[in-house]
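Reader: I am new to this structure and would like to learn how to read it. Could we go through a few features one at a time?

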Amino acid sequence: MPRSDLTRGYSDGDSLVGEIVREEGHIYSLAATNDLLYTGSDNNHIRVWKNLNEFSGFKSNSGLVKAIVISREEKVFTGHQDGKIRVWKTSSKNPRVYTRAGSLPALKDVLKSSVKPSNYVEVRRRRTALWIKHSDAVSCLSLVEDQGLLYSASWDRTVKVWRIHDLKCIESIKAHDDAVNTVAAAESLVFTGSADGTVKVWKREIRGKRTAHSLVQTLLKQESAVTALVVSHVAVYSGSSDGAVNYWEMGEKKILKHCGVFKKHRLAVLCLAAAGKMLFSGAADKKICVWKRDGKVHTCISVLTGHTGPVKCLAVGEPTGGEEEDGGDRRLVVYSGSLDKSVKVWRVPRD
């Protein structure tokens with residue numbers, strides 16, 4: 001198996017503890033689970049890394065890999081520029097071997113739906129498409145495994161709801177007036193952010209055998225596009241193309257209340273990640289800001305630098321191995337993917 005062009009480790013005393021560079025494509029997405037890191041690039045490859053070394057890899061026929069999520073059953077869902085969502089699984093005989101387990105929607109569902117005129121909706125002026133398919137790039141994915149649901153956001157202005165066990169599209173939400181850039185689901189609420197400058201909150205309800213979503217709140221209306229969302233245990237954060245981060249907390253009667261805005265980036269915030277009282281923002285200015293929350297105050301305690309291109313994706317994981325033995329150090333591991341074709345691994349003190 002070909003190795004990456006460069007894998008580099010650094011001492012634990014540094015914030016930057018590792019780096020992966022592969023001269024084959026810009027990194028647009030990543031996901032961390034257990035001791036594996038998945039990266040997606042614009043050459044249609046998904047690479048799997050273990051301890052900075054290439055562990056496995058697989059490739060779609062087409063479509064830049066814009067989103068990756070991993071289920072507890074270790075199914076890998078990937079969202080692509082070509083509007084498709086692909087499903088992958090490992091071989092029971094060899095964990096290094098990944099095969100495609102299907103796509104959303106399944107071909108049989110497309111064929112079945114295509115014969116019924118009522119299944120077609122207008123997606124652009126004088127253009128129709130099946131409601132169960134995305135008609136533009138899939139920008140983001142979010143899993144709610146307890147409910148067996150996967151959410152996909154798309155530039156076609158919709159969010160689609162998928163049932164994981166049979167890979168069926170069970171609902172299409174006309175969410176925004178422009179491209180939906182990000183979706184984050186938590187418990188019974190789903191948050192969406194769009195190029196139309198709004199953040200919306202949708203409530204999931206079970207109606208008989210059906211799952212239905214209704215708009216319950218619009219959190220933000222602004223000129224700048226909403227480019228990133230993350231839900232922590234205490235707040236909802238959104239990043240915007242003007243470099244700002246807004247946040248909300250749950251108030252009385254389960255209404256989210258705007259609690260502040262903070263800004264450190266000069267250019268668009270492209271990704272957010274949260275863990276405990278820590279928030280991480282990556283931006284087009286090539287920097288990652290590390291924020292620590294104290295009450296309602298967020299302080300930027302450090303800025304991680306080293307990428308030479310926009311920081312497109314972030315993931316936070318727990319240290320693995322024997323880190324605890326070294327003075328009880330249990331720092332967070334932060335992964336950052338960039339359009340400079342590299343992934344960097346950082347150690348950051350937890351809250």
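Reader: Which residue stands opposite F280 of β26?

Author: Keep in mind that this is a predicted model. The general idea comes before the case: strands of a sheet pair through backbone hydrogen bonds, either parallel or antiparallel. Here A273 is the residue opposite F280 in β26. Further along, A275 has M278 of β26 as its bridge partner.

Reader: In which sense do β25 and β26 pair, and over how many bridges?

Author: The sense is antiparallel, and six bridges join β25 to β26, which covers residues 278–283. The hairpin of these strands has two residues between them, and G276 takes a positive phi near 60 degrees there.

Reader: What joins β26 to β27?

Author: Five bridges do, and these two strands run antiparallel, with β27 covering residues 288–294. M278 is placed opposite K292 of β27. The hairpin of β26 and β27 has four residues between the strands, and in this hairpin K286 has a positive phi near 80 degrees.

Reader: In what order do the strands of the sheet stand?

Author: The order is β25-β26-β27-β28, four strands in an open sheet with antiparallel pairing. β25 (269–275) and β28 (297–304) are the edge strands; each has a single partner, so one side of each has no neighbour in the sheet. On average, neighbouring strands in this sheet are turned by 25 degrees against each other, with direction ignored.

Reader: How many residues of β26 are buried?

Author: To read burial, look at relative accessible area; under 20% counts as buried. In β26, six of the six residues are buried, so this strand is largely enclosed by the rest of the structure. Both of its faces are covered: one side carries M278, F280 and G282, the other L279, S281 and A283, and these are all buried.

Reader: Now a loop residue. Where is S71, and is S71 buried or exposed?

Author: S71 sits in the loop between β7 (65–70) and β8 (76–80). S71 is buried, with a relative accessible area of 6%. Leaving aside residues up to four places away in sequence, S71 touches F77, L143 and E145.

Reader: How many aromatic pairs does a search of the whole structure find?

Author: The search finds seven. One of them is F58 with Y98, a stacked pair at 4.8 Å centre to centre and 25 degrees between the planes. To read the label, compare the angle with the cut-off: planes under 30 degrees apart count as stacked.

Reader: Which parts of the chain does the pair of F58 and Y98 link?

Author: The pair links distant parts: F58 belongs to strand β6 (residues 53–59) and Y98 to strand β10 (residues 98–104), 40 residues apart. F58 and Y98 are both buried. They also belong to one aromatic cluster, together with Y38 and W88.

Reader: What kind of aromatic pair do Y237 and F262 form?

Author: Their pair is edge-to-face, with 6.5 Å centre to centre and 70 degrees between the planes. Y237 is in strand β22 (residues 236–240) and F262 in strand β24 (residues 256–263), so the pair ties together parts 25 residues apart in sequence. Both Y237 and F262 are buried.

How values were computed:
Residues numbered from 1 in each chain as written. Predicted model: local features only at pLDDT ≥ 70, side-chain atom pairs only at ≥ 80, totals over all residues. Heavy atoms only, no water. Pairing = 2+ DSSP bridges. Axes fitted to C-alpha atoms, helices over the stretch in contact; angles between N-to-C directions. Buried < 20%, exposed > 50% of the residue type's maximum accessible area, 1.4 Å probe, protein only. Contact = heavy atoms within 4.5 Å. Phe/Tyr/Trp six-rings, centres within 6.5 Å; stacked < 30°, edge-to-face > 60°.
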